[in-house]
Amino acid sequence: MKRTSKGASKAGSKKAAAKKTPVVASPELSSIRERIDDIDLRIHQLLNERARFAQQVGDSKRGEGLSTADFYKPEREAQVLRNAIERNEGPLKNEEVVRLFREIMSACLAQQEPLKIAFLGPEGTFSQQAVLKHFGHSVRALPLPAISEVFEEVQAGHADFGVVPIENSTEGTVNHTLDMFLNSPLKICGEIELRIRQHLMGRMKGLQKIQRVCSHPQSLAQCRQWLDEHLPNIERIPVSSNAEAARRARDEDGTAAIAGEAAAEVYNLGVIVPEIEDTADNTTRFLVIGRKLFSASGQDKTTLLVSAGDTQSPGALHRLLGPLAANDITMTRIESRPSRKRKWDYVFFIDVVGHAEQPPLSTALAELKEASTLFRVLGSYPAAVL
């Protein structure tokens, strides 16, 4: 039998003792942890108390025969988030505070039944990220293959609300969304501003093995300069969504995709080059669509659909905008689209600051209605909080 020297045996015993000796926290650190535990307990108790009050609100509304969609009050949620920002003294950033309160409201609202939110899918798109940013994770997100289907599902009542892209800070308006409002009775209930970070992703490790790049046409356009510089001779293939591009990158040799981080996670792709968008503040604005208008939140926008009898006549647009200027109304966006009634005839989509039911905007809209042959308030809704 092999013998071990006493020295070696003692050294081994010391090592074993060192491994077994627990690390003892200092009295100061232990005290801080105890205080954190106490705060966690109080937070948990308050969260449950808030949820119980939310249940009582839901029970009261159900007694009035209201549906799940009637429990959602975008103007109230916007006020809660703005109050959270106003009283925030740090060290948490405003974005983090808003995200926490959004999830609290989402979880409390879902105590009755989760909201059903339709969006332009599939999973892993920026539209899905917009849904989660605005409604939180305690909703049923319903991915659909086309913007028109989002409108149809909400109008039919199969979804409580929908989320659709309306414009990008780099590439401009999503015309398909605008055109849907020409014949749809749906209303705009909110807006979401989402910072867009485009990542080049795939199964390959570097740029050398990329044979083609797939993405939604808007994303390809948002990364045009980067692609021209780093992949000038590589084929660019437009597809229906960034998630579809990620799926192809997963299934096809030599295919890379441009998409968001969520798509990389869903389709198990590696990010080859992060944040390849051409502008640092690349942002997409989304609209929340529903079946009714909501009350004022205090910081609102209103979207109008208007037209004059003959949009080719001199001063037609000036006559439409005159009431807004006369009442000191700030216009933040205007877009023209074919009316589809006759050639060279147009309608105008106008975003203004204020709520349609409150002066001075209500006064301006009454005057604008008199000057228009087509006048519709598509929505008065809370401006995006962050």
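Helix H13 spans residues 316-326, and its buried residues are Ala316, Leu320, Pro323 and Leu324. Buried means under 20% relative accessible area, exposed means over 50%, and partly exposed lies in between (1.4 Å probe, protein chains only). Helices (H or I, at least four residues) and strands (E, at least two) are DSSP runs, numbered from the N terminus. Contact here means heavy atoms within 4.5 Å.

This is a predicted model, in which local features need pLDDT of at least 70 and side-chain atom pairs count only at pLDDT 80 or more, while totals for chains, interfaces and linings use all residues. Residues are numbered from 1 along each chain as its sequence is written, and side-chain values use heavy atoms, with hydrogens and water left out.

Now follow the chain just past H13. Aspartate 328 lies in the loop between H13 and strand E13 (331-338). Its phi is positive, about 60 degrees, although it is not a glycine. At 69% relative accessibility, aspartate 328 counts as exposed. Glutamate 275 also has a positive phi, near 50 degrees. This glutamate is in the loop between strand E10 (270-273) and strand E11 (283-290). Glutamate 275 is partly exposed, with a relative accessible area of 44%. Most residues other than glycine have a negative phi, and most peptide bonds are trans.

Two peptide bonds are worth a look. A cis bond joins glycine 90 and proline 91, with omega about 10 degrees. Proline 91 is in the loop between H4 and H5. Another cis bond joins glycine 121 and proline 122, with omega about 5 degrees. Proline 122 is in the loop between strand E1 (116-120) and H6.

H6 itself is mostly covered, with seven of its ten residues buried. They are Phe126, Ser127, Gln128, Ala130, Val131, His134 and Phe135. Just after H6, glycine 136 takes a positive phi of about 80 degrees.

Next comes the interior. In soluble globular proteins, nonpolar side chains tend to be buried together. A nonpolar core is a set of buried Ala, Val, Leu, Ile, Met, Phe, Trp, Tyr and Cys residues joined through side-chain atoms within 4.5 Å. The largest such core has 24 residues, and those with the most contacts inside it are Ile147, Phe151, Val164, Phe181, Ile289 and Phe349. Elements that each supply at least two residues include helix H7 (147-156), strand E3 (161-168), helix H8 (175-180) and strand E15 (374-382). H7 gives the most, with four residues. Phenylalanine 151 touches Val164, Thr177, Met180, Phe181, Ser184, Leu186 and Ile289, not counting residues up to four places away in sequence. A second, separate core of 21 residues includes Leu115, Val139, Phe161 and Ile192.

On a 1 Å grid over the protein atoms alone, a cavity is a set of points where a 1.4 Å probe fits but cannot get out; a pocket is an open set with protein on both sides within 12 Å along at least five of seven lines; lining residues have an atom within 4 Å of a point. Grid points are joined across faces, edges and corners, and a volume is the space filled by probe spheres set on the points.

The largest pocket holds about 580 Å³. Of its 25 lining residues, the closest to its centre are Val98, Arg102, Leu132, Lys133 and His134. Helix H4 (74-87), helix H5 (94-109), helix H6 (126-135) and strand E5 (187-195) are the elements that give two or more residues to this lining.

The whole structure has two cavities of 30 Å³ or more. The largest cavity has about 50 Å³ of space. Its lining includes Tyr72, Arg102, Leu115 and Phe135. H5 provides the largest share of that lining, four residues. The second largest cavity has about 40 Å³. Among the residues that line it are Ile166, Phe181, Arg285 and Phe349. E11, E14 and E15 are the elements that give two or more residues to this second lining.
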